[in-house]
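Subject: Structure handover

Hello,

Here is the structure I promised you. Please open it next to this note and follow along.

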Amino acid sequence: MAGIPYGQTIESGLVADLAGYVPAAAVVERGQRREARYKLRSALRRVTKLKRLRSCGLPFGSDVVVRRKDAVHHYSGISTCGFGFACPVCAAKIRFRRADEVSRAVVSALNQGMDALFVTRTIPHSAEDKLGVTLGLLAEGRRYVANQKVVKGVRKSAGYLGGIAAKEITYGFNGFHPHSHDVEYYEHAVSLADFAALSSVYYDYLSRFYRQHGFEGLSRQHGVHVEQVQLDGVALARYVAKLQEGADIRLHTAQELTRWDLKQGRAGSLMPFDIACAFFETGDMALLDLWYEYERETIGKSVIRFTKGLRARLLPNEAEYTDEQLAALKVGGVDVVRFTGWFYHKIVRVPGLESRVLTALDTGGFPALVELLTVYHLDDVGGYYQVEDTSLGEREGLPMAALLDWMELSKGQRVELDEDGVTWLVQAPVPGVTAAQKIRLDAASATRLFDFLLLYEERLARWRDGLTP
Ligand SMILES: [Zn+2]
């Protein structure tokens, strides 16, 4: 909480907390998905050939701390591999943040009077093959089309500025099937004629490229798909969903998959994480080889890429992060539980327990965590302890009621604890600016506020004692 300007930011933060209310059903669903990702990463650590993935999620220092932000718990003090394709945990983080970045870039473009098109490019099924081959073809095909004089001409007349490209990989009937999702930006509204011309040259030249390499049958319908992006339309939402799909793990289908399904193409198209899940279910080494191929070919590849200069134009005031930096980005929040390193390694050794720790804290707080760890006989003394309550409890002579009595946020704001134990943030009216309001604080928000006030109180005491000027 250090560094928050007194009286202001804290309030807006609290209001944001309250607005971000998440229903219990969504917590369970989110918990299941998180658990699937953590479980898979934990299994992958034992087989992966990527060194950083082997240590992703392990403590890099002595302690691991669980922090809470917006009622969701997360780890800090662990290493992150930052693989947006091969790591189920990092992929989810990176893709979630990239999707947010892309949405904001679209909003910014439309606000500046630009137009945006959503372009999907696939490869013919006849070209499905080893991933190294298909990824190469996809990139080469894009370059081939972009370098055509006709394409350059149509783009120029439509006011083409650049684009954001995202690569996705599935496993199809005959092998790996990569495809790309782009948002292309245009200086002004794209006319119907330009839209038609772009759709047609994009398809014609891509189809010609594949034919020249011996692959017939680029789908008329799905080969190249161009769509207008509107803020209120479905295209943007779908793009954002597509971007996150790369981190998807099907929750219940893993046991239904076999190598036979893949050979028969019965499963149609599989997400790469399905391949890994299927290996752990069946032990089929051919699946592991497919997974290794995926790891090898995606290492060092970024999830999305802006063409040169576009990012600065659309998101001028934002820092640019690499995938690795995004995966390691600090989420913030308050410290809740601290695990010693040796103890955390014990948790890591139980498949799936890393995420169940977070789910227990999300749903039942510290008591639920104690219960969970006891079930696994992980009740070692000194292995872990609660942070927040001890920090409040240790402050002798400052019981909660006294604290609430003592503190007066400013003349306009105060905190009240009513007889039902509910905490309220009370804002006096500021004539001509805001009306009086009373905001009910949930437990997480109240904790944040108390942390802040304790910090403030400590500073005040030090100032009084003359320790600081
Ligand atoms: Zn990772």
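In what sense do strand E1 and E2 pair, and over how many bridges? Strand E1 (residues 63-69) pairs with E2 in the antiparallel sense, over five bridges. Val65 stands opposite Ser76 in E2. Please keep in mind that this is a predicted model.

**The four-stranded sheet**

E1 and E2 belong to an open sheet of four strands. The order is E2-E1-E8-E9, and the pairing is antiparallel. Strand E2 (72-76) and strand E9 (384-386) stand at the edges. Each has a single partner strand, so one side of each is left without a neighbour in the sheet. From one strand to the next, the twist averages 25°.

Two helices go with this sheet. Helix H14 (residues 341-348) packs on it and touches E1, strand E8 (334-340) and E9. The direction of H14 makes about 85° with that of E8. Helix H15 (residues 353-375) lies across E1, E2, E8 and E9. H15 runs at about 85° to E2.

Look at Leu369, which lies in helix H15. Is Leu369 buried or exposed? Leu369 is buried, because 22 other C-beta atoms lie within 10 Å, and the cut-off for buried is 20 or more. Leaving aside neighbours within four places in sequence, Leu369 is in contact with Val337, Val357, Ala360 and Leu361. Leu369 and Leu358 are eleven residues apart in sequence, and their C-alpha atoms are 8.3 Å apart in space.

Now turn to Arg34, found in helix H2 (residues 24-47). Arg34 is buried too, with 21 other C-beta atoms within 10 Å. Which residues does Arg34 contact, leaving aside its neighbours within four places in sequence? They are Ser355 and Leu358. The C-alpha atoms of Arg34 and Glu354 are separated by 9.9 Å, although these residues are 320 residues apart along the chain.

**The five-stranded sheet**

There is also an open sheet of five strands. Its order is E6-E3-E5-E4-E7, with antiparallel pairing. The edge strands are strand E6 (224-228) and strand E7 (304-306), and each pairs on one side only. Neighbouring strands in this sheet are turned by 15° against each other on average, direction ignored.

The pairings inside it are as follows:

- E3 and E5 run antiparallel and are joined by seven bridges. Thr120 stands opposite His181 in E5.
- E4 and E5 run antiparallel and are joined by eleven bridges. The bridge partner of Ile164 in E5 is Val183.
- Strand E4 (residues 160-171) and E7 run antiparallel and are joined by three bridges. The bridge partner of Ala166 in E7 is Ile304.

E4 and E5 form a hairpin with four residues between them. Gly175 in the turn has a positive phi of about 150°.

Why is E5 largely enclosed by the rest of the structure? Ten of its eleven residues are buried, so E5 is largely enclosed. Helix H5 (residues 131-146) lies across strand E3 (115-121), E4 and strand E5 (176-186). H5 runs at about 25° to E5.

The largest nonpolar core has 72 residues. Those with the most contacts inside it are Cys87, Cys90, Val102, Val183 and Ile275. Helix H4 (residues 88-111) gives the most to this core, with ten residues.

Leaving aside neighbours within four places in sequence, Ile275 is in contact with Tyr171, Leu270, Leu287, Leu290, Trp291 and Tyr294. Helix H10 (residues 272-282) and helix H11 (residues 285-298) pack at an angle of about 150°. Their axes are 9 Å apart, and H10 passes H11 in a left-handed crossing. Pro272, Ile275, Ala276, Ala278, Phe279 and Thr282 in H10 meet Leu287, Leu288, Leu290, Trp291 and Tyr294 in H11. By class, this contact has ten nonpolar residues, one polar and no charged ones.

Best wishes

Terms used: Residues numbered from 1 in each chain as written. Predicted model: local features only at pLDDT ≥ 70, side-chain atom pairs only at ≥ 80, totals over all residues. Pairing = 2+ DSSP bridges. Axes fitted to C-alpha atoms, helices over the stretch in contact; angles between N-to-C directions. Contact = placed C-beta atoms within 7 Å. Buried ≥ 20, exposed ≤ 12 C-beta atoms within 10 Å, placed from the backbone. Core = buried A, V, L, I, M, F, W, Y, C linked by C-beta atoms within 7 Å. Left-handed = near helix turned anticlockwise from the far one by under 90°. Nonpolar A, V, L, I, M, F, W, Y, C, P; charged D, E, K, R; others polar.
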